[in-house]
Amino acid sequence: MIDARTHAWLRPLAATFAGAVFFLPLYLMLVNVFKPSTDIVPHPAAPPVPPTMENIGAVLSRPDSLFTYGLVNSVAVTALSITILTVLSAMLGHYLARSRHVLAKVVMVTLLCGLMIPVPVILAPITSVLKTLGLMTTLQGLILVNIGYYVPFGVLLFMGFVKGVPLELEEAAELDGASRLRVFWQVVFPLLRPASASVLIFLGVWIWNDFLTPLVILGPDSGTTVTVGVYRAIGQHQSDFGAVFAFMFLATLPILVFYLALQKNFVKGLTGGAVKG
Amino acid sequence: MRRSMVWCLAATLAAAGCGVGGEKPSETSASGGDVTLTFLVFETPNLDAAFWDAAIARASAKVPGVTIKKLVSPNVDRTGYAKQLDASGNLPDILQSVNPAGFAQAGKLAPFTDEELRNFIAPKAGAIAGKVYQLPYNTQVIPVVYYNKDAFAKAGITGTPRTYPELLDVSAKLKDKGITPFVVGGGGADTWADMYPLTATVATDVYHKTPDWLTQRATGSVKFAGPDFTKAAQKVADLAQKGYIDPAGLSRSYADTEQAFRDGKGAMYPMGSWFATSADNTKPGFEIGAFPWPSDDGSPVTPTFTGGGTLVSSSAPNVGLAKKWALAFDEDKQNNDAFVKADGSIPAIKGYTPPSDMGPVYRATVDIYQKGMADGSIVNAFSQEAGDGSLPPGLADKAALGVQDLITGKKSAADFAAYLDDQWAKATR
Amino acid sequence: MTDIDHAALAASSAPMEQANSARANSAQANKAQTTRAATARAAAAPSGVRRPPAEPPRRRRPPAWRYRTGQSLGRFALFALPGLLAYVLFVLVPIGMTAYYSFTNRNPFNPPTRWVGLRNYADLLGDPEFHQALANTVVITVIVTLLANAGGLLIAMLLDRPTKLYLALRGVFFTPVVLSSVVISVIWQAVLTDEGLLNSVLRGLGVADPPGWLSDPEIALYSIAWILTWQMLGFCVVVYLAGLQGVPRELREAAAIDGCGPLARFRNVTWPMLAPALTINTVMLLITGFKAYDQIQVITNGGPGTGTTATMAFQVVQTAFTGNHIGYSSAMAAVMLALVGTVSVIVLRVLQRREVTR
C-alpha cells in the first residue's frame, strides 16, 4: 500500500505526458486549420491567436464543391455499406457459429484468408468483375465491393458473440413456433448489439477512410468521396497547408462524431458485453 | 436498432441511386452540344480549376457540337491515373499531358495527321512508330539552372559559369561561404524532382556526342554501364559527395523544394523552364538569374522536351470532333497565353508570340532556348523523352529512385548504371 | 478441427468470457475453451434480456433443422448465401483471376497475352527488388507488432483507472485509429521532413545535424514503421484496457497477500489473463503491417533510393500500374497471399495454444 501512495502523483503525470507527446502531431494539424496560411510555415506550432475560419470557409465554398459532393457520397456509401454488412455478417456469423458441418469450417478458413489481403493487390481484377456486372463507376458497385471485402471481419466478430448466446434461448423461441428468421431477428440479433456496435464502428471508419477503392471504382466522373477529396486537395494545394489541413479536418469530423456516438457500445463490443456497469 | 436501420437504409438508398457530383457536366459547357466528351486534366497551384474551366470554354466556343465534361486527376500523376482508368475500361476521350507510351502501341490513341499538325513548329516531336499521338504544343528546357543573384554576390561570384570546371568552382566558393550550392528535391511522392542534375549531365556528356543515344540503347548497341553515361552519373555523385547537393532535399516534396530555393536554402536550382513564371509571379526576396548547365569545354548544349499537349482516345464517341476540339484547345492563342503565364511554357505553335508583359526570369529562359535553336545545340532531355527513343514504361520512376541512391552515396555511378541496365531488361521483358 | 474457429472466438468475446470463467473457477484461469461453462455464457449476455427457460435436459438434442435437408438448404440460402455471394464475387473471383494471370505475361499495353507457365515465379526467385520488398514488409510488420503491443499494454496499464482524466486520455490515444492513412501520412510528413517540426525542435535543443527521418535510407523504413505504430497504438490500448478490466481484483489481491511483488503479480496473474487481448491485437497488427501501402505511397513513394521503403503491397501496385506487368505483379501477389496466409495461421496457432495451456 505504501508504494501505491508514493506513486500516486506519478501515474497522472506520466499518463498526461505520454498523452501530450502522442497528441503533438494531431495538435499540429488542429492549430493550423485555424491559422492563416501565411503563418503556418514560419510558426507551425504556434497556437492560432486569433483563430481564423478562413481555411474552413474556403473548403466549404469551393467552386467545384469537392467537399460537399464528397460528403454526400461518403455518407451514402458508408451508411449503406455498414448497414448491409452488419446484417449480412451477423446472419452469416450466426449460421457458421451454429453449424457443425465440415463445410462451415472450410468457409471460415476461406473468409479468414480474405481478411489478410490488401485491397490494392486485387483491385484490378475487382474492376473486371464490376465491369462484367455493369456496375463500374457506380456507388452501388462500390458498396457491393465493400460488402464482399469486409464481410470476413464482420463474421469474425459476430461468430464469437453468437457462441456466447445460449442455444437454449433460440430453441425455446422455436418451440414457441417462431420462424428461424424471427428467432434470429427478435432473440439473437438484439443480444449481439455490442458486436454490432464494434462492426459498425470499425467498418465505418475503414470504409470512410478508404481512398484507393473509391478512387478507382468511382472513377473521376461519378463524383468522389471526402477521403479521395483530401488526396486531391493535397495535389492541388501542395504546400498550402492551411487548405489541406482544413480539408482533412472537415473530412475527419463526421467519422469522429460517429465514433464518439457509438464509443460506449464499442468498448463493450470488444469485451464481449460483460463489463460491469 | 432495427427501426433505425430501416431509416438508415431508406435515407441513403435515395442518395445512392444517383451519385453526387458527377452527373452534372462541367459548368464550362457553353454550347449545348451534340456529343459529350470527357477531358482529363490535373490541377496544380498554377493550373487551378478556374484556369481549366476558362480554357475549356474557349476551345468549346470554337468547336460547336461538343460538350466537354471535365475530369480531374486526383494528383499530378495523370499518366498513372489514366492507366488506372484504362484498366477499368474508362479511358477518357481527351487527355491533357498524359504520356502516350504504351497507350499508343496498344492502339488506344488516335494519331494526328500531318495536315492536322500543320500549325506546329515540331510536328514530328514525340512520334511513336512515325505517328504523332500527342500534340507537340510546347517546348520546355530541362533543366535551366536558376540561381540566387544575392547568394552569388555574397560569395564574390561575378559571372555565370560557362564551363563545367567553372560550375564546380562556383560551387566551391558558395560552399566556402556556408551556402549550399544546389537545391535538389525528390521527397515524398515526388521522386521525379531529383532528376534534373542528371538530365543535365546526360545532355552534356552523352546526348551532345550521340543525340540518338537512347534509341541505340533500345537496340542494345550502347549500355548505361558504358563510359559516357557512367561519367554523367559520376558528375552527379561527385556533386553530392562534395556536399554541393544537400541530401536533405530527398525528403522535400516538389513544392517544398521550390520553397527551399525561395527561402535561400541553396544558391542554384536546376529545374525545368516552367519554374520561370512561378519565379516571376511570386518574387522571392532576391533576384533570380538563369544560365544553361555548362559542358566540360563550354560548347553549348540545350536539353529540351517538345510535346506534352493533348491526346485523343481512339474509342472516343466521335474521334474526328474530339481531335478538332483538342487542336482548338492547344492552338488557341489565349489558352497558350494562359499556359505561358501559369506554367511558363514556351509554345511551339507557328506564329505564336508570348505576351509582352512577361517577367525577367521567363525572358531569360526563352533566351536560353532561342540561343539553343540558333546554334543548333538542342538535344533531348533524359528521362523526359516521349515516343520512339524514350525510356520503357516505369523506367523513369526507377531512374529517379536510383538517383536518390546516387546522391546519398548508396550507389556508385557504376552501380547506378548497372542498375538502369537491369531495370531496362526487366521493363522490356 | 481448426484453430481458425477459435480465432474467431478469441477475436471478439473471449476476453470477458475467460474473465468470467476465471471468476467461476478461481485461480484456474484458463480452462480449455471447448468446455467453457454455460454459466459463463449466460453471464456474458447483457442484462435486461429475456432469460432462457430453465430446461436443461434439451441441451444435448441436436437442433431440428439438421434433420431436414430442404430446410437446411433454405436456411443456408437465407442466412449464409448473401454474404458469401458478395465475398465470392469480389474477393475469391479476383484472387482466382490473379492466380490465373500469374501464369501469363499479361500486359495491357503489350498484347497478346500468352501462357508462360512458371516463368514469373522463377523470375521472382532472382528478383532482388522483390526480396527487398519482402524484407521491408517483414521488418515493418515485426516492429509494428512488437512496439504497438508493448506500448499499448504499457499505456493501458497506465490508464487503467476510471477517472475523467484517464477516460479523456483514452480518447486521445484512440483518435489516430479513426483517421485515414492519407491524413496521418500528411501530418507525419510535416513532422518528419528535414525541416519539419521534429528537427526544428532538435535544432533548438542544440543538435547540430539532426537525422533525416525520411531522407536517410537507413532510417526511413523505421520512420514508416513508427508512423504505423502510432496509428495502431490506440487500438491496442483500448483492447488491453478491456482485458485489464476483466482481471478480477480479488485475484490480484490474493496474489498480493501471497507475497507477490508487482512484477510477479503482473507475470502470474495479469499477463495470462490478457492472452485473448494479445491475440486480437497481434492479429490486427499483423494485418496492418502486411497491408502497409497508403503511408508508403504518400510519404516516400518507396524511396529514398531504390526500394528502401517499398513493401510487398507497394511493389505489386507499382509493377502492375507503372510498369504494366500485370502477369508478373500477379505472381508477386500470389506469393504474398500464400505467405500472409501461412504466417497468420502459424501465429494464430501459437497464440491460441498459449491461451489454452497457460
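These legends go with several close-ups of a predicted model. Residues count from 1 along each chain as its sequence is written, with chains lettered from A and ligands numbered from 1 in the order in which they are written. Because the model is predicted, local features need pLDDT of at least 70 and side-chain atom pairs count only at pLDDT 80 or more, while totals for chains, interfaces and linings use all residues.

**View 1. Chain B as a whole.** Chain B holds 15 helices and 11 strands (DSSP runs numbered from the N terminus: H or I for helices, at least four residues; E for strands, at least two). Its C-alpha trace spans about 70 × 65 × 50 Å along the principal axes.

**View 2. Helix 8 against helix 14 in chain B.** The axes of helix 8 (residues 227-241) and helix 14 (residues 395-408) of chain B come within 7 Å and cross at roughly 50 degrees (axes are lines fitted to C-alpha atoms over the stretch in contact, with angles from 0 to 180 degrees between N-to-C directions). That makes helix 8 of chain B oblique to helix 14 of chain B (under 35 degrees is roughly parallel, over 145 roughly antiparallel, 65 to 115 roughly perpendicular, and the rest oblique). From helix 8 of chain B come B:Ala233, B:Val236, B:Ala237 and B:Ala240, meeting B:Val403, B:Leu406 and B:Ile407 of helix 14 of chain B (contact: C-beta atoms, placed from the backbone, within 7 Å). The residues of this contact split into 7 nonpolar, no polar and no charged (Ala, Val, Leu, Ile, Met, Phe, Trp, Tyr, Cys and Pro are nonpolar; Asp, Glu, Lys and Arg charged; the others, Gly among them, polar).

**View 3. A cis peptide bond in chain B.** B:Ile142 and B:Pro143 are joined by a cis peptide bond, with omega about -5 degrees. B:Pro143 sits in the loop between strand 4 (138-141) and strand 5 (144-148) of chain B.

**View 4. A positive phi in chain A.** A:Thr137 isn't glycine, yet its phi is near 60 degrees. Look for A:Thr137 in the loop between helix 7 (119-133) and helix 8 (139-164) of chain A. A:Thr137 counts as buried because it has 23 C-beta neighbours inside 10 Å (20 or more other C-beta atoms within 10 Å is buried, 12 or fewer exposed, in between partly exposed; C-beta atoms are placed from the backbone).

Notes. Two residues are in contact if their C-beta atoms, placed from the backbone, lie within 7 Å.
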